[in-house]
Amino acid sequence: AQNNLKSIDVKFPLHVMTVVSGVSGSGKSSLVRDVFYRALLRHYGEGGEMPGTYSRLSGDMDRIHSVEFVDQNPIGKSTRSNPATYLKAFDEIRKLFAEQQGAKQMGFSPSYFSFNSEGGRCEECKGEGTITVEMQFMADIVLECESCHGKRYKQDVLDIEYRGKNISDVLDMTINQAIEFFSEVNGSQEKRIIKRLKPLQDVGLGYIKLGQSSSTLSGGENQRVKLAFFLSNEKQESTLFIFDEPTTGLHFHDINTLLKSFNQLIERGHTVVIIEHNMDIIKCADHVIDMGPEGGKEGGYVVCTGTPEEIAECSASYTGMFLKEKLRSCFKFIEK
Ligand SMILES: Nc1ncnc2c1ncn2[C@@H]1O[C@H](COP(=O)(O)OP(=O)(O)O)[C@@H](O)[C@H]1O
Ligand SMILES: [Mg+2]
Ligand SMILES: [Zn+2]
């Protein structure tokens, strides 16, 4: 009964992809985030914010073990975290550099190749590659570090190369380039690196640079880095994943990539619940819960539930109307 919800009962099937649809203000977030997610968190003993108004949560609660809300907030608070550190790929890359002949001779350990701790990093900029100058009446100015020229490391570290590339060159590669580069050699350490990077490519983030600060990623990109992290986690307990409007700002090609990732989660025994009004996602759902019929006071009801085909037959549903058109154009396409 939170916000505009009209004391509704809603069923969420497990181990499939459910989409909660409806016009803006129809009560999707009130239902899924405020009530369902927060009540589940409490149930699994993870505390958090007070759930919205509801009377009872019941079902096969022990079929899943935890719930994750995959939001668009930054993956790390500092400018030092990046997709490669978040997925632990950089740990494996540093190990590879420490194995090189020159590094062994100099006694450089893997931590010497970190820009987060003292040792090999440039101390002038503390491994950031840039110096931020605070200006009193203007925005801060970010300048390239004069000591390392933006390379983030001391010269003796930059002298260590793996197949002609130093650690700074590797951080400057995109995920796609790095996967290609490390695939050229069939070594065990190279395989570990690729295994860590692959999930980022799988969620469509191959164009991002390894060393790109997480503070420069868009909300949708941050959300997909988190998704990649869950995909890289093989031995995970059965989890219920919730995504609030994950397609915001995505190109059609990336929406397809995202759908494949959702599928991977379900194949591993997880459950996916998505709040979304993108028709390409809705038409692929196993189950749709359509909220509405309008936004605000005139919303907060479950208009209809079922497969996309069943929603398309519901005349009271706006989603159904658009879905009917979408499914019809699919058929046309197939007939041609
Ligand atoms: N914190 C709040 N206090 C009062 N009303 C709210 C609050 N949050 C949302 N609402 C109202 O509840 C209704 C449903 O909102 P919401 O669940 O965010 O819809 P949706 O996610 O479908 O866009 C809207 O009319 C909105 O104005
Ligand atoms: Mg919402
Ligand atoms: Zn520097």
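How far is an oxygen atom of ligand 1 from an N or O atom in the side chain of Ser29? In this predicted model, the separation is 2.9 Å.

| Residue | Part of the residue | Distance to an oxygen atom of ligand 1 |
|---|---|---|
| Ser29 | N or O atom in the side chain | 2.9 Å |

The residues around the ligand include Asn3, Asn4, Val23, Lys28 and Gly296, along with the serines in the table. Sorted by class, this shell holds 9 polar residues, 1 nonpolar residue and 1 charged residue.

The protein chain has 336 residues, of which 48% count as buried. Its secondary structure amounts to 13 helices and 8 strands. The C-alpha trace spans about 70 × 55 × 40 Å along its principal axes.

Helix 8 covers residues 188-202. With 15 residues at 1.5 Å a residue, helix 8 should span 21 Å, which agrees with the 21 Å between its end C-alpha atoms. Helix 8 also has a kink of about 30 degrees at Arg196, shortly before the proline Pro199. That proline is one of the buried residues of the helix; among the others are Gln189, Glu190, Ile193, Ile194, Leu197 and Leu200.

Methods. Residues are numbered from 1 along each chain as its sequence is written. Chains are lettered from A and ligands numbered from 1 in the order in which they are written. This is a predicted model: local features need pLDDT of at least 70, side-chain atom pairs count only at pLDDT 80 or more; totals for chains, interfaces and linings use all residues. Side-chain values use heavy atoms; hydrogens and water are left out. A residue is near a molecule or strand if one of its heavy atoms lies within 4 Å of it. A polar contact is a pair of N or O atoms within 3.5 Å; within protein, one must be able to donate a hydrogen and the other to accept it, and residues adjacent in sequence count only if both atoms are side-chain atoms. Ala, Val, Leu, Ile, Met, Phe, Trp, Tyr, Cys and Pro count as nonpolar, Asp, Glu, Lys and Arg as charged, and the others, Gly among them, as polar. Helices (H or I, at least four residues) and strands (E, at least two) are DSSP runs, numbered from the N terminus. The expected span of a helix is 1.5 Å times one less than its number of residues. The bend at a residue is the angle between axes fitted to the seven residues ending there and the seven starting there. Buried means under 20% relative accessible area, exposed over 50%, partly exposed in between (1.4 Å probe, protein chains only).
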